[in-house]
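Please look through the sequence and structure below before reading on.

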Amino acid sequence: MLAGTAAIAMLLPCLASAALGEPEASVLADGAQLQGSIKVSDQASYRLHEIQLPSGTLVREYAGLDGTVFAITWHGPYVPNLRQILGRYFDAYVAAAKAPHADHHHLQVKQSDLVVEASGHMRAYNGHAYLPQAIPGGVSVGDLP
Amino acid sequence: MRPALLQALRNGCMLVICLSAISCGGGSSLSGVSAPVIPPSSNVVDVVVGGGPNGNSVNSLYTTVTVCVPGSTTLCQTIDNILVDTGSYGLRLLVSPLTLSLPVLAAADGNALVECTIFVDGYSWGPVAAMDIHITGESASSVPVQLIGDTRFPTVPSDCSSTGGTAENTVATFGANGVLGIGVFLQDCPDCSASVIPAFYYSCTSTACTNTMVALASQVQNPVPFFVTDNNGTIITLPAVVPGGAASVTGSLIFGIDTESNNQSGSQTVLTVPTSGANAGGVTTIFNGQTLSASFIDSGSNALYFNDSSITPCASSQFAGFYCPVITSTFGATIQGANAISVPVTFSVGDAETLSQSFTAFPGLAGTTTVAGSFDWGLPFFYNHRVATAIEGFTTSAGTGPYIAF
């Protein structure tokens, strides 16, 4: 029993590590954490992992040929757990987003190493987060589905 | 400069609020703009573009509501600076201006029903309470309303805050005393009545909260269908505003569509909206040859947000993310409904850096977004327009909701 607990505790840090900026394998952790089903497809300059969440929201994670996730998008009725999928970039995003305003339907955080943009309204949210310095040549973020 | 702006600059970010630097609220009423006169009527309430409770809002539309303990005509309170938002569903009040004692609704297990409301830029946390709502001559009985920032439930669950952005649980961080969500839908989470949706509704004791399902009737919901009459939708009408902006703007929120002489559909074009899917409640925009299928018309957004790399972006970091063309330029686009009906529209984009700091209404305020397929028709779209929002399942002379017409 104790041994089992220890094994789970050791696994947790791995499972909790999220995808943006992490190796592709972390997508599996995101899928497990978000209880989503994952579909993988190879494109010319990246590999696309689609995580369909049970709530209806679709999370897409894009990994470059070096195996690092460089962009994530989300579309659907609910905002996904961004702490999970932004991983070590989540705190920087939250810190940058802190400013009081009355417009609750638009967000843009642009830093040299991290961009987060979101748009939408209740029951329909869209957003993306990416690492500008990690985008493969020839890929335009605006064209990522 | 304001602390919020300084904070934003320190973080090297750009945010909508960076615009707070150009607006100090208030201003002279002489330069205010008023809508064409609509006779006072029991279904019309003033809506005002102004600086809001913090004095720094831009293109933010506010109104006043009166709420009462259910069944009471004396235990009531009138609250101003309530955002008028066609992009959400239900009334949400910040508790700090609220002096009424309102009982919290029970979750299915008997504990308190508490909600995590996720906006695009952050989240608000607080319990659900029933109250009567009075706006102008319209009354709604025992409507579930969210009380944001209620100290009886001080701990935000981690999966709620994990949706990101800012905790918006105070008037200072919310930018309003509340929000009146009067979009096309009835409830804020119909899926929550059939399954447990993460980071939405919770059953809470004083010390712990767990995600829960909620019956539709207990969900925070659009108060308009609760009105006895004039309950099938709303019309927002705002006057034209000169390109340089205005210190404030006064218009009307009219309840009902084709229920009174002042809310006739006339020749308005009906654009139906999807009831589900990735763009529920939204429209499609055709702009610059692109078909943008994640577009929406939203009184709660303070600018038009879209992507056009040919428009000069602002150079100064405090206006990063906004457009700053040398001369105000006019553009054309087409907005299309789910019914394949489309309407051509024009809009202007001005230089955000030259806007007067004492003004709060800017028709040419536009910003960038590169979110795929997105065109956010925020409040500037509503100037010089009469925008009708028909609620799902309700019929007007022009059609059946959910639809938007203008």
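Predicted model: local features only at pLDDT ≥ 70, side-chain atom pairs only at ≥ 80, totals over all residues.

Residues are numbered from 1 along each chain as its sequence is written, and chains are lettered from A and ligands numbered from 1 in the order in which they are written.

In chain A, seven strands make an open antiparallel sheet, ordered β1-β2-β3-β4-β7-β6-β5. Strands (E, at least two residues) and helices (H or I, at least four) are DSSP runs, numbered from the N terminus, and two strands pair if DSSP finds at least two bridges between them. β1 (37-42) and β5 (106-110) of chain A each have a single partner strand, so one side of each lacks a neighbour in the sheet. Between β5(A) and β6 (residues 115-121) of chain A there are five bridges; A:Val109 has A:Val116 in β6(A) as its bridge partner.

Helix α2 (residues 26-33) of chain A packs on this sheet, touching β1, β2 (47-52), β3 (58-63) and β4 (69-76) of chain A. Touching rests on contacts, meaning C-beta atoms, placed from the backbone, within 7 Å.

A:Arg123 lies in the loop between β6 and β7 (124-130) of chain A. Its phi is positive, about 80 degrees, although A:Arg123 is not a glycine.

In chain B, B:Pro402 sits in the loop between β25 (399-400) and β26 (403-405). The peptide bond leading from B:Gly401 to B:Pro402 is cis, with omega near 10 degrees.

How values were computed
Contact = placed C-beta atoms within 7 Å. Axes fitted to C-alpha atoms, helices over the stretch in contact; angles between N-to-C directions.
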